[in-house]
Amino acid sequence: KINQKRKPREELSKGKKRGRPPKGEGKEKTEAEESAKKAKRTLNRFNGMSVEEVMARKLPDVITHNLDMLIIGINPGLLSAYKGRHYPNPGNHFWKCLYLSGLTEEQLNHMHDQTLPERYGIGFTNMVERTTPGSKDLSNKEIREGGHQLLEKLQKYRPLIAVFNGKCIYETFCKEIFGVKAKNLEFGLQPYKVPETETVCYLMPSSSPRCAQFPRAQDKVHFFIKLKELRDQMKGVVRTQEIQETNYTFDLTVAKEDAKRLAIKEEQHDPGYEETCAHGSQQHPQQAFGVHPSPDTGACNNSQNSLDQVSDNRWTMQPFADQIPDIRCSNSN
């Protein structure tokens, strides 16, 4: 009887074990599955190449003499090294900001990087040549040595503006080359020139979408616009001040009918509008477009002052249709 009772237990021990699995067994399986999925994604991303094979590649510079600006990154990423192009990541804001700022006449992408020196006077290089999955994989020694290598390139090719795409790049360059520990860096034109050259340094936020301070492309366009203005100023480019006249017709009856049809009765007061204008309009419209009235003729200034003296909400009290002046000629003559 004792043997008969023990037999079922032995059979159970040979079969599947009941209860919870030992600690760590499920975790090991999960980690193995995740690593397998990650390896599969990597293989698909680089067309069968491993990360080590991609890291062995180098990204060639796009550089020549007498460039208007040389864009300086920290080092090539995996996708850049794999494709052999600069800023190929679709999430990177570089190419979008380049177009929105007017530095290029059309929307370009990484496949056009080789054409930029001839078309727009823009080149590309990196402080460190070694390819890594991220900039955190670089050692401090590599970055410091890269600063001196970058100095040699700048002294050889002498671009008009050295554009540092990211604050950490310029911080290291400033410390190694100028012997100054940069504190409270502000974006834009920097006070130091590249030694033995007339090349100025310009600092802009990183075009990477991981930039926490400026996460969107529209947050960074401002610095690209200022870069364009700096280039034009250094090259002596003068903005056109020509005024073109436009012929147009105005029908009062049609305008009033449109106002009624659209049910535009009156403008609602927006307290945020005046505040935005107060902060955003730091110069007169005439100066913004390059038109500077002479001091003898104060018509523009008087009209501007008269507009400023109008109290808030006064213009918002009348219906829109009643604000349209009647410019029809009278038949009294």
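What is the order of the strands in the open sheet of five strands? The order is β2-β1-β3-β5-β4, with mixed pairing.

## The model

This is a predicted model, in which local features need pLDDT of at least 70, side-chain atom pairs count only at pLDDT 80 or more, and totals for chains, interfaces and linings use all residues. Residues are numbered from 1 along each chain as its sequence is written, and side-chain values use heavy atoms, with hydrogens and water left out.

The protein has 13 helices and five strands. Helices (H or I, at least four residues) and strands (E, at least two) are DSSP runs, numbered from the N terminus. Of the 333 residues, 32% are buried. Buried means under 20% relative accessible area, exposed means over 50%, and partly exposed lies in between (1.4 Å probe, protein chains only). A contact means heavy atoms within 4.5 Å.

## The sheet

Strands of a sheet pair through backbone hydrogen bonds, either parallel or antiparallel. Here, two strands pair if DSSP finds at least two bridges between them. In the order β2-β1-β3-β5-β4, the edge strands are β2 (122–126) and β4, and each pairs on one side only. The twist averages 30 degrees from one strand to the next. Axes are lines fitted to C-alpha atoms, for helices over the stretch in contact, and angles run from 0 to 180 degrees between N-to-C directions.

Take β3. Four bridges join β1 to β3, and these two strands run parallel. I71 has V163 in β3 as its bridge partner. Five bridges join β3 to β5, again in parallel. Here A162 is partnered by C201 in β5. Five of the five residues of β3 are buried. I161, V163 and N165 point one way from the strand, while A162 and F164 point the other way.

## The hairpin

β4 and β5 pair in the antiparallel sense over three bridges. They form a hairpin with six residues between them. E196, in the turn, has a positive phi of about 65 degrees. L189 has Y202 in β5 as its bridge partner, and G188 stands opposite L203 in β5.

Y192 touches Y170, C174, F178, V180 and C201, not counting residues up to four places away in sequence. The C-alpha atoms of Y192 and Y202 are 9.5 Å apart, and the two residues are ten apart along the chain.

## Helices on the sheet

Helix α9 (residues 217–235) has 19 residues. The expected span of a helix is 1.5 Å times one less than its number of residues. For α9 that should be 27 Å, and its end C-alpha atoms are 27 Å apart, which agrees. α9 lies across β1, β3, β4 and β5, running at about 165 degrees to β5. Its buried residues include A217, V221, F224 and L227. The buried residues of α9 pack against β1, β3, β4 and β5, and also against α5 (94–100) and α6 (116–120). Just after α9, G236 takes a positive phi of about 75 degrees.

Helix α7 lies across β1, β2 and β3, running at about 155 degrees to β2. The axes of α7 (residues 140–157) and α8 (residues 167–177) come within 9 Å and cross at roughly 80 degrees. That makes α7 roughly perpendicular to α8. Angles of 65 to 115 degrees count as roughly perpendicular, under 35 as roughly parallel, over 145 as roughly antiparallel and the rest as oblique. Residues making the contact include I143, H148 and L154 of α7 and F173 and I177 of α8.

## Aromatic pairs

How many aromatic pairs does a search of the whole structure find? The search finds 14. Rings of Phe, Tyr and Trp (its six-membered ring) pair if their centres lie within 6.5 Å; planes under 30 degrees apart count as stacked, over 60 as edge-to-face and the rest as tilted.

Why is the pair of F164 and Y170 edge-to-face? The ring centres of F164 and Y170 are 5.1 Å apart and the planes are at 70 degrees, so the pair is edge-to-face. Both residues are buried. Elsewhere, ring pairs link Y87, F94, W95, F124 and F224 into a cluster.
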